[in-house]
Amino acid sequence: MLMVKPGMPYLDVIRRLKDATPLPVAAYHVSGEYAMIKAACEKGWLEEKDVVLETLTCFKRAGADIILTYYAKQAAQWIAEDGLY
C-alpha cells in the first residue's frame with residue numbers, strides 16, 4: 001500500500017500513483033484538514049455534511065482505494081442515512 005499524507009493538497013499525486021502502480025493507494029485526511037472543516041462549519045461558513053462527503057468523493061475520484069479520515073463514523077452514518085451505499 002502507498003499512502004498519501006496529507007490527502008487534499010495532493011489529489012494529483014494520488015492519481016499519478018494510481019496510474020503508475022498496481023498497489024492500493026490510500027489517502028489520509030489529516031487532522032489539520034479535519035480541523036479546518038470543523039472550524040468553518042462551526043462559524044456557519046460551510047455545511048459540514050456536504051463538505052465532508054464532497055471531500056471524500058474527491059479522494060475517491062482521484063483514485064484512492066482507501067480513505068483514512070477522522071470523519072469515518074460520521075460519514076458512514078450520513079451515507080447510510082442517504083442510501084448512498
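Strand S2, residues 25–29, is mostly covered, with four of its five residues buried; buried here means under 20% relative accessible area with a 1.4 Å probe, protein chains only. Strands and helices are DSSP runs numbered from the N terminus, of at least two residues (E) for a strand and at least four (H or I) for a helix. Please note that this is a predicted model, in which local features need pLDDT of at least 70 and side-chain atom pairs count only at pLDDT 80 or more, while totals for chains, interfaces and linings use all residues. Residues are numbered from 1 along each chain as its sequence is written, and side-chain values use heavy atoms, with hydrogens and water left out.

Let me turn to the partners of S2. Strand S1, residues 2–4, pairs with S2 in the parallel sense over three bridges, two strands being paired if DSSP finds at least two bridges between them. Within this pairing, Met3 stands opposite Ala26 of S2. From S1 the chain passes through helix H1, residues 11–20, to reach S2, and this β-α-β crossover is right-handed: with the strands pointing away from the viewer, the path from the first strand over the helix to the second runs clockwise. S2 also pairs with S3, again in the parallel sense, over four bridges, and Ala27 has Ile67 of S3 as its bridge partner.

What is the order of the strands in the open sheet? The three strands run S1-S2-S3, with parallel pairing. S1 and S3 stand at the edges with a single partner strand each, so one side of each has no neighbour in the sheet.

The loop between S1 and H1 contains Pro6. A cis peptide bond joins Lys5 and Pro6, with omega about -5°. For context, most peptide bonds are trans.

Finally, I come to the largest pocket. A pocket is an open set of points on a 1 Å grid over the protein atoms alone, where a 1.4 Å probe fits, with protein on both sides within 12 Å along at least five of seven lines; lining residues have an atom within 4 Å of a point. Twelve residues line the largest pocket, and Leu56, Ile67, Ala75, Ala76 and Ile79 lie nearest its centre. Helix H3 (48–62), strand S3 (66–69) and helix H4 (72–82) each give two or more residues to this lining.

How values were computed. Buried < 20%, exposed > 50% of the residue type's maximum accessible area, 1.4 Å probe, protein only.
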